[in-house]
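Please read it alongside the sequence and the model.

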Amino acid sequence: MFGQGAMEPGEVSPQQIRQVLLFFVFLGGSLVCSETWHYSVAEETEIGSFIGNVVKDIGLGVEDLAARGATVIFDDYKPYLLLDQQTGNLLLNEQLDREALCDFTEPCILHFQVLFENPLQFFRAELWVKDINDHTPTFLDKHILLKISESTAPGTSFQMDSAQDLDIGKNGVQNYTLSPNPHFHLKLQDSDEGRKYPELLLDQSLDREKEPELKLTLTALDGGSPPRSGTALVRVLVLDINDNAPEFERPLYEVLVPENSPLNSLVVKVSATDIDAGINGELSYSFSHVSRDIRKTFEIHPISGEVRLKALLDFELIQSYTINIQAIDGGSLSGKSSMLVHVVDVNDNPPEIVITSLASPIPENSSPEMVVAVFSLRDQDSGDNGRMVCSIQEDLPFLLKPTFKNFYTLVTESPLDRESKAKYNITITVTDMGTPRLKTQHNITVLVSDVNDNAPAFTQASYTLRVRENNSPALHIGTVSATDTDAGANAQVTYSLLPPADPHVPLASLVSINADNGHLFALRSLDYEALRAFEFRVGAADRGSPPLSSQALVRVLVEDDNDNAPFVLYPLQNTSAPCTELLPRAAEPGYLVTKVVAVDGDAGQNAWLSYQLLKATEPGLFGVWAHNGEVRTARPLSERDAARHRLLVLVKDNGEPPLSASVTLHVLLVDGFSQPHLPPPEAEAEAEAAAAAPADPLTVYLVVALASVSSLFLFSVLVFVAVRLCGRGGAARAGRCSVPEGPFPGHLVDVSGTGTLSHSYQYQVRLTEGTGTSELKFLKPVIPKFPPQGTEREESHTFLNGFDLN
């Protein structure tokens with residue numbers, strides 16, 4: 001047995017040396033045994049298996065093997081066998097593969113020699129390697145494709161590739177089988193090399209449309225035991241010929257398409273089939289014998305067969321389309337079908353309103369169910385999409401009434417009132433019953449014309465106008481106003497003065513009215529003292545037919561102006577001889593000398609009078625009460641005081657600007673004149689309280705009344721004294737006081753309680769005769785007593801404050 005190792009470059013291995021030696025030995029030939037021994041072994045035998053015994057075959061002893069260096073050398077110098085030096089047995093050194101060693105050569109023989117040394121001797125031998133069935137038949141192409149036209153005649157054969165088996169002899173491929181099928185059977189042929197190959201033989205015609213492809217299984221079997229087999233898939237493609245025309249799935253396609261379908265939307269996809277293959281089965285779709293309108297509306301895809309919209313549909317124009325369709329294959333065979341397109345109505349048309357007639361304006365006194373408008377409705381859709389419902393607003397005095405077909409009338413339902421509403425905006429709403437519902441609204445305006453059914457109405461039932469006296473003529477004193485809710489001439493108001501109820505009132509000379517605007521004018525200057533108020537009625541009439549009118553009361557109040565100066569009643573200033581008042585020298589302070597009585601023809605504060613002492617002969621001796629004109633002594637009299645005194649008293653009203661009058665009083669101091677009656681403390685307290693209290697109208701009236709009564713009383717006393725003095729003559733004549741004769745003017749007496757002298761006051765004067773001395777008896781005035789106002793003050797303080805001292 002030879003070992004193998006790596007050699008360095010330039011070195012010579014022992015094996016190479018032996019080869020050289022053997023070469024020379026063979027050339028000699030004398031050392032080689034002429035007999036050849038034969039050994040056999042099956043391939044794939046396990047290593048170490050016994051092959052033969054060299055000792056027995058050569059006839060040597062076992063001890064010679066080791067002594068002579070016996071060695072086994074193969075021709076290819078591979079150690080297939082191992083020589084056991086102890087026994088001489090040849091053992092298998094490696095598993096043998098016959099196919100690798102000899103391929104398809106039969107028999108497979110490996111030549112080797114047994115070499116002995118000392119002496120050198122060779123024995124020739126052969127190792128026959130026997131084949132076993134260790135390989136399966138294999139097809140080089142596991143998938144065999146055959147393309148056979150369906151027009152191929154029966155009996156035609158198709159050669160197949162044979163299977164390969166590395167084994168030889170009976171272990172090689174011995175037979176082929178084919179899976180059962182109705183079209184082919186298998187036929188075996190022998191090749192020149194002695195091998196068998198299979199052929200397919202067509203038994204009956206192929207039909208690609210029925211069976212376009214056949215799959216067969218080809219099996220190769222060897223002769224081993226057990227036999228091995230290998231398979232290949234035979235795929236037979238049946239080649240088509242154009243022997244079938246296209247056929248549509250349905251002879252009639254019936255579709256529903258909404259009319260609002262957008263452009264390029266899919267209508268339907270037609271489909272035809274051609275059981276042929278290749279170009280013979282490729283179809284092209286097209287329309288056949290269709291009108292121009294159809295070609296404008298629809299298009300068909302030549303490959304997919306999709307029919308799409310080119311133009312919009314309109315149910316109101318065309319409700320359905322019938323279209324012929326054809327499919328042509330690559331061999332010019334064609335199939336036909338039809339398509340019926342029903343256009344489905346959608347609610348795409350809103351209702352239409354057409355006004356036939358409209359009456360506007362209409363009078364407000366129109367009778368019920370008067371026809372205002374006539375109109376018609378139309379909806380081009382069909383079914384529920386074309387059914388309509390018509391309505392107007394609920395809060396209107398109008399009503400819709402259906403008449404003929406789709407005609408409606410708009411009539412009045414209740415009375416109209418132009419003054420409440422002169423114009424009606426009526427919205428006619430029409431809604432169809434489609435989905436979604438469409439509606440149309442139409443607005444009409446109905447005007448209500450006026451009739452004269454409303455009389456003018458004054459803004460006030462009565463008017464109170466105030467005008468100040470002494471006004472300028474044609475002065476605008478106020479305006480009355482009336483409105484008429486009618487329109488046009490029916491609302492044009494004319495004003496007029498109505499005849500007064502009292503024929504004695506000269507209304508025509510007092511006021512006038514502007515007929516167009518109701519302005520009232522005073523025609524002349526008014527005098528408060530002559531005419532304080534008057535009433536009259538004014539009328540307002542419209543210009544309708546017949547005209548309507550109304551009335552209003554106008555009350556004119558004349559306001560007082562301070563146009564009258566105070567008039568002095570006592571003492572009179574228009575007499576030839578002045579009036580002289582007598583004052584006893586024994587008079588105490590506060591003694592009532594006289595009282596200035598004056599009146600004012602005005603009213604209110606214009607008639608409030610105040611008194612003031614402007615000038616006196618002896619200043620500080622006399623004082624004048626500012627509110628009632630009483631002249632009283634301010635201090636006790638003395639012997640040094642002059643006998644005669646002259647007093648100038650100013651009487652002034654409270655108007656703006658104030659007016660005044662003055663009066664001159666003459667006072668004569670006398671001796672022996674009896675003490676006049678002085679007012680009791682209660683009266684002084686009342687006077688003091690009245691002076692201290694605010695001058696309200698009632699107080700002023702009482703003061704004026706008391707002053708008037710006192711003046712009349714003093715005047716009576718003075719007249720009586722003057723008469724007695726005048727009867728004596730002499731020096732007494734110089735002090736005579738003239739008494740006015742006849743009654744006082746009536747206008748100087750204020751009967752309303754606002755003047756300074758009242759009829760409710762009465763005085764009695766009685767003259768007594770006795771010892772020659774005249775005596776006056778004073779009686780208290782008959783007047784009601786009023787409680788004192790304000791806080792009582794000291795009597796002297798009240799008395800002094802009541803005077804206007806110069």
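Rings of Phe, Tyr and Trp (for Trp, its six-membered ring) are taken as a pair if their centres lie within 6.5 Å, with planes under 30 degrees apart counted as stacked and planes over 60 degrees apart as edge-to-face. By this rule the count comes to 12 aromatic pairs in what is a predicted model.

**Aromatic pairs**

- Phe 375 and Tyr 408 form one of the aromatic pairs, and with 5.8 Å from centre to centre and 10° between the planes this pair is stacked.
- Because Phe 375 lies in strand S26 (residues 371–378) and Tyr 408 in strand S29 (residues 407–412), the pair ties together parts that are 33 residues apart in sequence.
- Phe 375 is buried, its relative accessible area being 0%, and Tyr 408 also counts as buried, at 17% relative accessibility, since the cut-off for this class is under 20%.
- Tyr 570 and Phe 715 form an aromatic pair with an edge-to-face arrangement, in which the centres are 5.2 Å apart and the angle between the planes is 75°.
- This pair links distant parts of the chain, with Tyr 570 in strand S41 (residues 567–570) and Phe 715 in helix H8 (residues 697–728), 145 residues apart.
- Tyr 570 and Phe 715 are both buried.
- Elsewhere, ring pairs join Tyr 39, Phe 74 and Phe 112 into a cluster.

**A helix residue and its contacts**

- Helix H8, which holds Phe 715, also contains Ser 711, and Ser 711 counts as buried at 2% relative accessibility.
- When neighbours within four places in sequence are left aside, Ser 711 is in contact with Tyr 570, Lys 595, Val 596 and Val 597.

**Cysteines**

- A disulfide is a covalent bond between the sulfur atoms of two cysteines.
- With a cut-off of 2.5 Å between the sulfur atoms, the count comes to one disulfide, and this disulfide joins Cys 102 to Cys 108 with an S to S distance of 1.7 Å.
- The link of Cys 102 and Cys 108 is right-handed, with 65° about the S-S bond.
- Cys 102 is buried, with a relative accessible area of 13%, and Cys 108 counts as buried at 1% relative accessibility.
- Cys 390 counts as buried as well, at 16% relative accessibility.

Definitions and conventions: Residues numbered from 1 in each chain as written. Predicted model: local features only at pLDDT ≥ 70, side-chain atom pairs only at ≥ 80, totals over all residues. Heavy atoms only, no water. Buried < 20%, exposed > 50% of the residue type's maximum accessible area, 1.4 Å probe, protein only. Helix = DSSP H or I, 4+ residues; strand = E, 2+ residues; numbered from the N terminus. Contact = heavy atoms within 4.5 Å.
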